[in-house]
Amino acid sequence: MKIFFLGDIVGKPGCLSIKKNLKNIVKKNNINFVVANGENAADNGLGITEKITKELFDSGVQVITTGNHVWDQKETAKLIENEKRLLRPNNLSSSYPGNGFEIFKINELKICVLNLMGNVFMKKCEDVFESSNNFLNKYKLKQDFDFLIVDFHGEITSEKMAIGHLFDGKATLVVGTHTHVPTNDARILSNGTAYQTDAGMCGDYNSVIGMDKNNSLNRFMKKNSTKHFPSNGEASLCGVIVTCNSKNGLAEKVESFIYGGELSK
């Protein structure tokens, strides 16, 4: 079993590159299951729309995770009620619509995708460590599902690493999202869980984390500027590929993945 996780999809460049390239990447690498974070996939880089959700599924993404921008498009709250393949962070209040995790069946194997969000420098949500422990107390690898993928949407590296160790031996993959910069630390932790602090983004890297660089500079320097908007150059697709052991649900191999755009030059 090979699982492919793609980092935050940012605006039209990220969506276009996935529509153009994902199916060929999946075929070339013998991928069985694809997860992508879509919370920046809307044209303005904030949230995700029903149209884009459908386009990503049609392009080969099987599950879409999100984060702090999940509600930035008003239509998402209604969409997420019925679309089980679109997740929101599990440690958001239970009063929000949608689910924070779901179990999917691929070739008789059950794959659980769990979406979490950090507490440090992020929008208010429930304690992520308490929420994670509650999940782990209730659900077990190789009992309730064959593989567990955890998307940890967070700002700081220490919080992401701590979650990685918390899930070590209990998840197939723990991967960070949100910072849009791929970290060079893909590895298998001591108890068998694949880990990378941040998957990076699927967007134009000739930018400031996917947003127009000139407008971003003006905002930092308090010059004339507008709201952030995505840079429209060629996207780099960033993520991780995990080869999984079907007997114990843990990782046999993990490798960072970068394709196209500025980062492949």
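This is a predicted model: local features need pLDDT of at least 70, side-chain atom pairs count only at pLDDT 80 or more; totals for chains, interfaces and linings use all residues.

Student: How many helices and strands does the chain have?

Tutor: The secondary structure of the chain comes to six helices and 13 strands.

Student: What is the order of the strands in the open sheet?

Tutor: The open sheet has five strands in the order β4-β3-β1-β12-β13, and their pairing is mixed. At the edges are β4, residues 63-65, and β13, residues 251-259, each of which pairs on one side only. From one strand to the next, the twist averages 20 degrees.

Student: And β12 with β13, parallel or antiparallel?

Tutor: They run antiparallel, with eight bridges joining β12, which covers residues 237-244, to β13. Within that pairing, Leu-237 has Tyr-259 of β13 as its bridge partner.

Student: Which strands does helix α1 lie across?

Tutor: Helix α1, made of residues 11-29, lies across β1 (2-6), β3 (33-37), β12 and β13, and runs at about 25 degrees to β12.

Student: Changing topic, what does the radius of gyration say about the chain?

Tutor: The chain has a radius of gyration of 17 Å, which agrees with a compact globule, because a globule of 265 residues would have a value near 18 Å. Along its principal axes, the C-alpha trace spans about 55 × 40 × 35 Å.

Student: What share of the residues is buried?

Tutor: Of the 265 residues, 56% count as buried, while the chain exposes about 12000 Å², with carbon and sulfur atoms supplying 49% of that area.

Note on methods:
Residues are numbered from 1 along each chain as its sequence is written. Side-chain values use heavy atoms; hydrogens and water are left out. Two strands pair if DSSP finds at least two bridges between them. Helices (H or I, at least four residues) and strands (E, at least two) are DSSP runs, numbered from the N terminus. Axes are lines fitted to C-alpha atoms, for helices over the stretch in contact, and angles run from 0 to 180 degrees between N-to-C directions. Contact means heavy atoms within 4.5 Å. The radius of gyration is taken over C-alpha atoms; the globule rule is 2.2 Å times the number of residues to the power 0.38. Buried means under 20% relative accessible area, exposed over 50%, partly exposed in between (1.4 Å probe, protein chains only). Accessible areas come from the Shrake-Rupley method with a 1.4 Å probe; for residues, only the protein chains shown count as cover.
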